[in-house]
Amino acid sequence: MLAQYIGRRLLLLIPLLFIVSIISFALIQLPPGDILNMEVLRLRSAGTQISEEQVEALRQLYGLDKSMPEQYWLWLSNILLEGNFGTSFTYVKPVGEILAARVPLTAAVAIFTALFVWITAVPIGVYSATHQYSLIDYFWTFISFIGIATPGFLLALIFLWVAFVLFDISAIGLFSQQYETAPWSWAKFLDMLQHIWVPIVIIGMAGTAGLMRTMRGMMLDELNKQYVITARSKGLTEIRLLVKYPVRTSLNPMISTIGWMLPSIISGEVLVSMVLNIPTTGPVLLQALLNQDMFLAGSIVFILSVLTVIGTLISDILLVWLDPRIRYEGMT
Amino acid sequence: MTESIPHNGAPHKPEIESVAAATASQSAPDREKQALYTSSQWQLIWRRFKRHRLAQIAMIMLAFLYIIAACAEFIAPYETRRDFKGFVYAPPAKIHFFDEDGFVGPFVYGLKGGRDENYQRIFEEVKEEQYPIRFFVRGDEYKLWGVYKTNLHLFGVEEDGQIFVLGTDRLGRDLFSRVIYGTRISLTIGLVGVFLSFVLGLIIGGVSGYFGGTVDEIIQRMIDLLVSIPHLPLWMALAAAVPRDWNSIQTYFAITIVLSIVGWAGLARTVRGRLLSLREEDFTIAARVSGVSEWRIITKHLLPLFTSYIVVAITLAVPGMIIGETSLSFIGLGIQPPAVSWGTLLQDSQMIVNVALHPWLLIPALFVIVTVLMFNFLGDGLRDAADPYSIS
């Protein structure tokens, strides 16, 4: 049953990734003129002599003289067969090389953020529901409203300002200075863990806020049900009763939240990384777009979308594995 | 969202009994009850909505903000591009009521800029210069709604003095005036964007439903995909393709289109889901069984209920659009200067040193947060009210 479910989902993944690749390729082609125009202009303005024949040669080199579907196929097959995402004009390096260090960081921030959201939202939601209308419940309600209404990059700005005023810290970054250019080591990893909580908390804030409200609502619905009263009358301790029944039932609908959580985390990550100066894909995406370095920009959009789609799939499968009842909902 | 439990027929029984009771003896509270049972759906919705205090406050605040947006030229004391030489990064004005001799009403002192020993900008109040704040003063000329040429402003000080309610920016432009003008783009882009998304959703949803089969399947997969991939990178890539030499109005509509091209899917899915679940409701089936025509079911039973759901879905979709515009403008891909939106105003705070020295640059963020919060409150209230027959 589980294998069948996974197989079906994997099969559905193929058309999905196909559409993602078409969208990304369309984005690459979006700026007026072809991709070379910008580069030729840049070279000429820098004083480099470049003849029409050379432009034509470059055009052939990049396959720009071919038709759109051919170009698309060339682009896609290069990615699939050789892992070659094309060349960035501004960095004069293969796109893959530029992103090699950044994509894993993006993934790490996203995964940690998703975990953070779940680990914080569930207990807070349960506590708020069991202590409804208490001072702490009102406190978390207030926090959740602010969290939902404040986009991550604004939170990051406010955080930076507070950090600057109170602690005189002007840059957050992901590593201390001595590790910034150092190769990966255990010490560098530990250093990263000391810094990474800032973006995680900031990006996760909106998700936590939304999820704790959902959890609270679900719990409140469950707490009034008769089986809770029965369990209580049987003399079950309050904590055991909570964990064993209502919390587990309430967790179920939370699973559907993963579908919207990952995309919003990745979206949030792009801007927050820019503000906090974290070397993920976000800042490169903006630079690439401003320079119309479209192979780089399109590749980032492609990779981020694929990461999100696959991430959602993995979490779906994990949860189906944890709770077999969901499988049937997915099958219908 | 969990408070509204779909009606299941159970609560109707006591209603019928009390209607009978109400007609039997016409005492005052009974008459009130009878009025409740005979009131139309919209009256019920309004009744339910009135109970939602936060949503009401939100509605009033939003109405207030939109009035500000409509009359920006009148409310802002200065024009957005008016730069005051010698008043770069002036702090928010201190409004005084008392001078050395006692109460004189609201006024500001003149400002004198200089540099301290660390070469930081400082401003000092000149106690000799008092500028009372007056209502309906003459100032920068403008054309209200492009028709009436006037120079009347809601408030201000005499020409020699300046009033910077929220301080000034790096070119000495009045931040308060710019925030007020920014309200116009930031608030309308949400509405126009959602409207466009909705129209897009209706057309694509209509095509999907009309053709059915493979077309429907493809469109549904497309919606699933658009909902499940991150929006911001797509928005950024699309916005980056908007030509830089377009004028403000062209850019405005381009950004709106960018926002809705990606954003329509979420709205379409919500609306579609609602419609499908309404179609399966007991009362629809009951009507069909009783031989009511499809047309009458749609217009009489589905559409009124459906309209209220659409209003809710639209209200809750606006904040996403507003945040989208703010984000894009903040990183310089959205609205382009000289047009002002809250996002473009926040560009100045990209440099954290700037914010640390001139914290008032973050004030536009407050407007974004409050607006989004108000739309959320309003949406929550409307959602509870949208289904007035549910038990609360």
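A:Tyr133 counts as exposed, because 8 C-beta neighbours lie inside 10 Å; by the criterion applied, a residue is exposed with 12 or fewer other C-beta atoms within 10 Å of its own, buried with 20 or more and partly exposed in between, C-beta atoms being placed from the backbone. The structure is a predicted model, in which local features need pLDDT of at least 70 and side-chain atom pairs count only at pLDDT 80 or more, whereas totals for chains, interfaces and linings use all residues. Residues are numbered from 1 along each chain as its sequence is written, and chains are lettered from A and ligands numbered from 1 in the order in which they are written.

A:Tyr133 is located in the loop between helix H6 (102–130) and H7 of chain A, where helices (H or I, at least four residues) and strands (E, at least two) are DSSP runs numbered from the N terminus. The phi of A:Tyr133 is positive, near 65°, in a residue other than glycine. A positive phi, near 60°, is also found for A:Asn277, which occupies the loop between H13 and H14 of chain A. A:Asn277 is partly exposed, because 14 other C-beta atoms lie within 10 Å. Most residues other than glycine have a negative phi, and most peptide bonds are trans.

The interface comprises 44 residues of chain A in contact with 36 residues of chain B, a contact requiring C-beta atoms, placed from the backbone, within 7 Å. Elements giving two or more residues to the chain A side include helix H1 (2–29), helix H9 (186–223) and helix H15 (294–322) of chain A. By class, this side has 35 nonpolar residues, eight polar and one charged; Ala, Val, Leu, Ile, Met, Phe, Trp, Tyr, Cys and Pro count as nonpolar, Asp, Glu, Lys and Arg as charged, and the others, Gly among them, as polar.

Chain B has 14 helices and five strands. Of its 392 residues, 36% are buried. The C-alpha atoms of chain B fill a box of roughly 85 × 60 × 40 Å along the principal axes.

Strand S4 (residues 134–144) and strand S5 (residues 148–156) of chain B pair in the antiparallel sense over seven bridges, pairing being assigned if DSSP finds at least two bridges. B:Leu144 stands opposite B:Tyr148 in S5(B). S4(B) and S5(B) form a hairpin with three residues between them, and B:Trp145 in the turn has a positive phi of about 55°. Elsewhere in chain B, a cis peptide bond with omega of about 10° joins B:Pro337 and B:Pro338. B:Pro338 is found in the loop between helix H11 (294–330) and helix H12 (342–346) of chain B.

How values were computed:
Contact = placed C-beta atoms within 7 Å.
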